[in-house]
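Dear colleague,

Please find the structure below, together with its sequence. My findings follow directly after it.

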Amino acid sequence: MITVIALLFLLFVLLGAYATVKVVGAAKRGVDRTIDQARRTVEDHALRAKSFAQPGPTGEIAQLRLRLRTSMRATQEALRAGAAEDESLKESLGLFERLSAHGYELDRDLKRLESEPDRATLAERLPGLRERTERITKSADSLRWAARDRAGRFAQDDLDSLSAQIDVEAGALRHWTTADPTPESTPWPEAPAAGAPAEDRTGSGSPWSRPADEPTRPAITPPVRRPAYPWQKKPRPESTT
């Protein structure tokens, strides 16, 4: 019994330690994400201020960094959000990860050139940096808009299907508005004129009219003479009195 209690106590201690580690790790990741987001926000505001406050090559480099970071961040968020619902975007997300490697390298180069004192050398390298930024941001924008167009297309198709189903259901709910056509009844024969012959009064086109070639049947069927057999007695004459 003591051994079982000791094992249970040890198990509870291990479970508590594991839960504590998981909670601390989740909190640490949350804090790191908050710090990274705050740092990116501060850097973006600083780059925006430099692009307006410092004219010339330094201000243009700040503009290139801000444009690169904004495009890459927007594309990353769009692809990650879409990949959770659409499996086809995982390949696009892999291509973006390869593109991000070039984006990080370009951002580091631009960041080093911000403190470059030689303005002439900086002006010579600006065209190449501008071209690299244009190519990377154009590719990122292409992936982002393609993912958005794909999601919009799926939403449009689903909306069309839903609208068609709603129209059918609405028609079924308003079933009383579609009146059933009444079957045409057989017209009654017209009444003959007062001076018309008897055969015209019956109406030749009426359902109960007799064909012309049908022989006339008597109202009462005449009696049929029964055959006389030798073993039968002769009928006695009835008395007249």
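The crossing of α2 and α4 is left-handed, meaning that the near helix is turned anticlockwise from the far one by less than a right angle. The axes of α2 and α4 come within 9 Å and cross at roughly 20 degrees; axes are lines fitted to C-alpha atoms over the stretch in contact, with angles from 0 to 180 degrees between N-to-C directions. Helix α2 is therefore roughly parallel to α4, a term for angles under 35 degrees. Their contact comprises 15 nonpolar, five polar and eight charged residues, where Asp, Glu, Lys and Arg count as charged, Ala, Val, Leu, Ile, Met, Phe, Trp, Tyr, Cys and Pro as nonpolar, and the others, Gly among them, as polar.

This is a predicted model, in which local features need pLDDT of at least 70 and side-chain atom pairs count only at pLDDT 80 or more, while totals for chains, interfaces and linings use all residues. Residues are numbered from 1 along each chain as its sequence is written, and side-chain values use heavy atoms, without hydrogens and water.

The protein has five helices and zero strands (DSSP runs of H or I, at least four residues, and of E, at least two, numbered from the N terminus). Of its 241 residues, 20% count as buried (under 20% relative accessible area, 1.4 Å probe, protein chains only).

The largest nonpolar core has 20 residues (buried Ala, Val, Leu, Ile, Met, Phe, Trp, Tyr and Cys joined through side-chain atoms within 4.5 Å). Helices α2 (57–83), α3 (89–113) and α4 (119–173) each give two or more residues to this core. Among the members touching the most others are Met 72, Leu 106 and Ile 136. Not counting residues up to four places away in sequence, Ile 136 touches Leu 68, Met 72, Leu 99, His 102, Gly 103 and Leu 106 (contact: heavy atoms within 4.5 Å).

Yours sincerely

How values were computed
Buried means under 20% relative accessible area, exposed over 50%, partly exposed in between (1.4 Å probe, protein chains only). Angles under 35 degrees count as roughly parallel, over 145 as roughly antiparallel, 65 to 115 as roughly perpendicular and the rest as oblique.
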